[in-house]
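Q: Please take a close look at a single part of this model and describe its surroundings in a connected account.

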Amino acid sequence: MKLCRLGSAGNEKPAIWQDGRWLDVSAFGEDYDESFFETDGMVRLQNWLQSHLSECPEISSPSRIGPCVKRPSKIICIGLNYADHARETGAKIPSSPVIFLKAPSALCGVSDPLIIPEGSVKTDWEVELAVVIGRKASHIPESAAMQYVAGYAMMNDYSERYFQLEDTGQWTKGKSFDSFAPLGPWLVTADEIADPHQLHLWLRVNDEMQQNSHTREMIFKIPFLIHYLSKLMTLFPGDIISTGTPAGVGMGKHPQKFLKPGDIIAYGIEGLGEARQQAVAWRT
Ligand code: ZN
């Protein structure tokens, strides 16, 4: 299944993408949130669709594609998880996962505008494979970790490099601005992705290829990340783990290249859909 949420910000309706159509599943009566995942919502929705699919209204052209998961308890990001990206930023290959948190308020849809923060001169892109957690997870062995995955989605871990790296403190500052976590267009359920470490991912800015890589290049793979993170904190259903970005970010270019209002950022991951966003200037 491909789960999505359609409608204006804060008023999204749960929907599915099936056979080239957007279908409103509001009649199922639940949004895609922690309690949905915690109570086997994906299985219940699939069962419900067997007898109600024909009654689900088609949304022929959605006004907006929202984030595919309703605001989760946390968004955990993995830093420097592709060797070529670590090299381009001048960082060492990490011996254990680098992690940071991104504010859940940064979540948005993959066709929403990217808001360049007030005063920003170093807003950068990072296309990433995001894992959506399906069950509460604490101290999970690596061998069982994949049972805790609800599915996958595409995320762009937008990053303001001045606030992330040059201002005092931790990375979270440069990672949490509103609109810095577009997630979607769908949550693709785990059964539809045979191997999440075999997916092509790419990103273009104004039609020029910037990132063009493959999830097999990840240093720490998904089962290990879930195992490792679940020993540090309890993962809740609906939580997002964004697994890191490959080489080709703006700060790694010579000369460096950052986003400005009007730029078009297009990106995709094999099997998970595509996104197209426009950068806009911050306004009060
Ligand atoms: Zn990242």
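A: **The zinc site and its surroundings**

In this predicted model, the zinc ion is coordinated by Glu126 (OE), Glu128 (OE) and Asp157 (OD), at 1.9 to 2.0 Å. Along the chain, the donors of the zinc ion follow the spacing E-x1-E-x28-D. Glu128 belongs to strand S9 (residues 127–133), while Asp157 sits in the loop between strand S10 (149–156) and S11, so the pair ties together parts that are 29 residues apart in sequence. Glu128 and Asp157 are both buried.

Ser159 leads on from this site. The backbone oxygen of Asp157 is reached by the side chain of Ser159 at 2.8 Å. Ser159 is part of strand S11 (residues 159–160). With a relative accessible area of 0%, Ser159 is buried, because the cut-off for that class is under 20%. Leaving aside residues up to four places away in sequence, Ser159 touches Lys122, Thr123, Asp124, Glu126, Gln164, Gly174, Lys175 and Phe180. One of these contacts, Glu126, is also a donor of the zinc ion.

A separate topic is the open sheet of five strands, which has the order S7-S17-S16-S13-S14 and mixed pairing. Strand S7 (114–116) and strand S14 (208–214) are the edge strands, each pairing on one side only. On average, neighbouring strands of this sheet are turned by 20 degrees against each other, direction ignored. Strand S13 (residues 200–205) pairs with S14 in the antiparallel sense over six bridges, and Trp202 has Asn212 in S14 as its bridge partner.

How values were computed: Residues are numbered from 1 along each chain as its sequence is written. This is a predicted model: local features need pLDDT of at least 70, side-chain atom pairs count only at pLDDT 80 or more; totals for chains, interfaces and linings use all residues. Side-chain values use heavy atoms; hydrogens and water are left out. Helices (H or I, at least four residues) and strands (E, at least two) are DSSP runs, numbered from the N terminus. Buried means under 20% relative accessible area, exposed over 50%, partly exposed in between (1.4 Å probe, protein chains only). A polar contact is a pair of N or O atoms within 3.5 Å; within protein, one must be able to donate a hydrogen and the other to accept it, and residues adjacent in sequence count only if both atoms are side-chain atoms. Contact means heavy atoms within 4.5 Å. Donors are N, O and S atoms within 2.8 Å of the metal (3.2 Å for Na, K and Ca); water is not among the atoms, so sites may look incomplete. Two strands pair if DSSP finds at least two bridges between them. Axes are lines fitted to C-alpha atoms, for helices over the stretch in contact, and angles run from 0 to 180 degrees between N-to-C directions.
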